[in-house]
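Welcome! Please take a look at the structure first, and then read on.

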Amino acid sequence: MAPYFIGVDIGTQGARVVLTDAVGTIVSSAEQVFPLNDQSREEQSPDEWWEACYKSLSILSTDKKAKAVIGDIKAIAVTSTSGTVIPIDKDNKPLYNAIMYSDQRSGKQAKKCTATAVKYHNHGYTAFSVSSGLAKMVWFVETHPELTDCISKWIHAADFITGKLSGEWGITDYTNAFKSGYDVSRFEWPAYIYNHLPIKKEWLPEVVPSGSVIGNISAEIANAFGLPASIQITAGITDGCASQIASGAVNPGDWNTTIGTTMVIKGVTKNEVLDPLGRLYSHRHPAGYWMPGGASNTGADWVTNEFGDDLVNLNIQAQQFIPTNYISYPLRQNGERFPVISPEARGFEPEGLSKAERFTANMEGVAYLERYAYELIEHLSKEKVNAVYTAGGASNSDAWLTIRSNVLNRPVYKMENVSGAVGAAILAASKTYYKSIIEAVAAMVKIEKKVVPEKELAEQYELNYRQFIKTMQDKGYIKGGFDA
């Protein structure tokens with residue numbers, strides 16, 4: 001079904017390109033892998049990203065299925081890591097490697113950015129950390145003053161690939177600009193950035209909504225792969241927001257829980273959600289709504305590390321144990337950040353449990369934390385959570401889906417394709433073929449499975465959830481109400 005769309009995802013460990021039709025069916029895909037090591041967690045070469053993207057596009061364009069429809073490709077969009085920044089020169093060449101979101105060197109600068117923002121512009125995003133683009137920009141200027149005169153623009157990871165595809169540079173989107181200090185409610189770069197930090201105003205890119213058409217594919221790229229010169233290139237989006245789009249959570253009241261290494265919850269509200277404790281922060285939705293989200297230190301990292309040798313049998317056994325009535329909290333690092341902030345938090349579970357009982361109780365513990373997160377979200381937003389969509393490795397466990405639906409006492413929807421590249425393809429379609437991202441998602445996102453709560457099980461989990469909260473309070477991990 002014509003037309004077709006390409007989504008490009010440049011991740012920490014590789015590049016992935018997908019080709020989809022207008023109803024979200026994946027026609028073809030290709031990917032390249034990057035090595036992940038201590039160095040690549042700090043810096044990566046944007047030119048190597050582009051080489052991987054170029055190779056992936058080359059593989060895709062020669063695939064039999066893709067070749068049959070290549071003339072009907074309408075648009076391309078790019079997603080990549082949030083908080084990764086690159087200084088480029090007047091010829092749009094990187095002056096330095098991409099400073100990765102996971103780079104830890106800008107702690108001092110993050111504190112400076114936060115203090116300056118709070119003093120001069122205490123509005124919107126002010127909780128800068130080592131993962132924030134603005135902190136990395138200040139770090140670079142202070143660490144490499146000899147290169148600052150050569151800076152033409154600061155851009156983000158997705159912007160670099162978008163520029164290579166289109167020849168249009170110095171343009172970014174709301175989601176990428178957010179952690180670089182852009183005020184997404186007032187649609188401006190706040191003056192404190194260039195008046196009170198060592199950043200020049202002219203270095204800051206133009207900011208447009210994700211999915212906005214910024215140009216056509218460059219003639220060089222079109223000729224290299226036999227692509228139509230009419231292909232439109234759109235402004236990109238961060239990887240977390242791309243996955244949210246792919247999950248289907250784009251209408252007000254829709255939320256997505258992705259449980260991978262950690263649990264990440266993102267959704268849509270009509271109004272900006274302001275959290276004085278910084279547990280939630282709000283991206284700007286391509287249609288003008290808000291996309292609040294938060295990430296826990298708790299997730300499913302314990303599954304592979306502790307139970308990965310027998311997951312099939314453990315999931316079968318878990319169905320018999322539900323509900324366990326045991327209270328576990330499978331935090332595997334020191335401290336929690338969402339939905340509670342507790343540096344002293346430590347994981348716990350009852351002693352003497354069998355392997356299957358431990359496995360089931362830990363799944364329940366993550367579900368209890370997920371419910372607390374949604375209660376916090378409703379408290380802060382004053383808006384209802386209408387639907388919960390899910391993705392990540394945890395969504396492949398039927399037992400876990402059953403637990404979560406009954407703990408939440410809501411239907412949980414498992415989606416078919418939730419990769420960032422698919423989200424980027426949907427974004428590419430959102431303003432080039434469809435009228436909006438909401439219309440594009442309605443047409444292109446498919447539900448694989450719906451799990452609904454069962455009355456008796458939900459009632460038992462209600463009691464267990466209350467016990468979980470009491471235990472967390474007794475240990476001092478939850479202090480007072482949601483505002484404490």
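Strands here are DSSP runs of at least two residues, numbered from the N terminus. By that definition residues 237–238 count as strand S13, and Thr238 belongs to this strand. Please keep in mind that this is a predicted model.

**A first stop: Thr238**

- Thr238 is buried, with a relative accessible area of 1%.
- Beyond residues up to four places away in sequence, Thr238 touches Thr79, Ser80, Ser82, Thr175, Asn176 and His283.

**The nonpolar cores**

- The largest nonpolar core has 52 residues, and Tyr329 and Trp400 have the most contacts inside it.
- Strands S14 (254–259) and S15 (263–267) each supply at least two residues of this core, and so do helices H11 (301–307), H12 (311–321), H13, H14 and H17.
- Which helix gives the most to this core? That is H13, with 13 residues.
- Another core, of 38 residues, lies apart from this one, and Val8, Val78, Met100 and Ala157 are among its members.
- Setting aside neighbours within four places in sequence, Tyr329 is in contact with Thr298, Glu336, Ala345, Arg346, Gly347, Phe348, Leu369, Phe468, Met472 and Tyr477.

- Helix H17 covers residues 455–474, which is 20 residues. At 1.5 Å a residue it should span 28 Å, and its end C-alpha atoms are 29 Å apart, which agrees.
- The buried residues of H17 are Leu457, Ala458, Tyr461, Asn464, Tyr465, Phe468, Ile469, Thr471 and Met472.
- Seen down the axis of H17, these buried residues fall within an arc of 155 degrees, so they line one face of the helix.
- What covers the buried residues of H17? The cover includes helix H13 (355–381) and helix H14 (398–408).

- The buried residues of H14 include Trp400, Ile403, Arg404 and Leu408.
- Asn409 follows H14 and has a positive phi, near 55 degrees.
- Arg410 sits in the loop between H14 and strand S19 (412–415). Is Arg410 buried or exposed? With a relative accessible area of 15%, it is buried, because buried means under 20%.
- Neighbours within four places in sequence aside, Arg410 is in contact with Tyr374, Glu378, Lys384, Val385, Val388, Ser405, Val451 and Pro453.

**Glu357 in helix H13**

- Glu357 lies in helix H13 and is buried, with a relative accessible area of 17%.
- A polar atom of the Glu357 side chain lies 2.9 Å from the backbone nitrogen of Ser354.
- Leaving aside neighbours within four places in sequence, Glu357 is in contact with Phe321, Thr324 and Tyr326.
- Glu357 and Leu314 are 43 residues apart along the chain, and their C-alpha atoms are separated by 9.0 Å.

**Aromatic rings**

- How many aromatic pairs does a search of the whole structure find? There are 27.
- Tyr368 and Phe468 form a tilted pair, at 5.3 Å centre to centre and with 40 degrees between the planes.
- Tyr368 lies in helix H13 and Phe468 in helix H17, so this pair ties together parts that are 100 residues apart in sequence.
- Tyr368 is buried, with a relative accessible area of 0%, and Phe468 is buried, also at 0%.
- One aromatic cluster is formed by Tyr329, Phe348, Tyr368, Tyr461, Tyr465, Phe468 and Tyr477.

Conventions. Residues numbered from 1 in each chain as written. Predicted model: local features only at pLDDT ≥ 70, side-chain atom pairs only at ≥ 80, totals over all residues. Heavy atoms only, no water. Helix = DSSP H or I, 4+ residues; strand = E, 2+ residues; numbered from the N terminus. Expected span 1.5 Å × (residues − 1). Buried < 20%, exposed > 50% of the residue type's maximum accessible area, 1.4 Å probe, protein only. Arc of directions from axis to C-beta. Contact = heavy atoms within 4.5 Å. Polar contact = N/O pair within 3.5 Å; in protein donor to acceptor, adjacent residues only side chain to side chain. Core = buried A, V, L, I, M, F, W, Y, C linked by side-chain atoms within 4.5 Å. Phe/Tyr/Trp six-rings, centres within 6.5 Å; stacked < 30°, edge-to-face > 60°.
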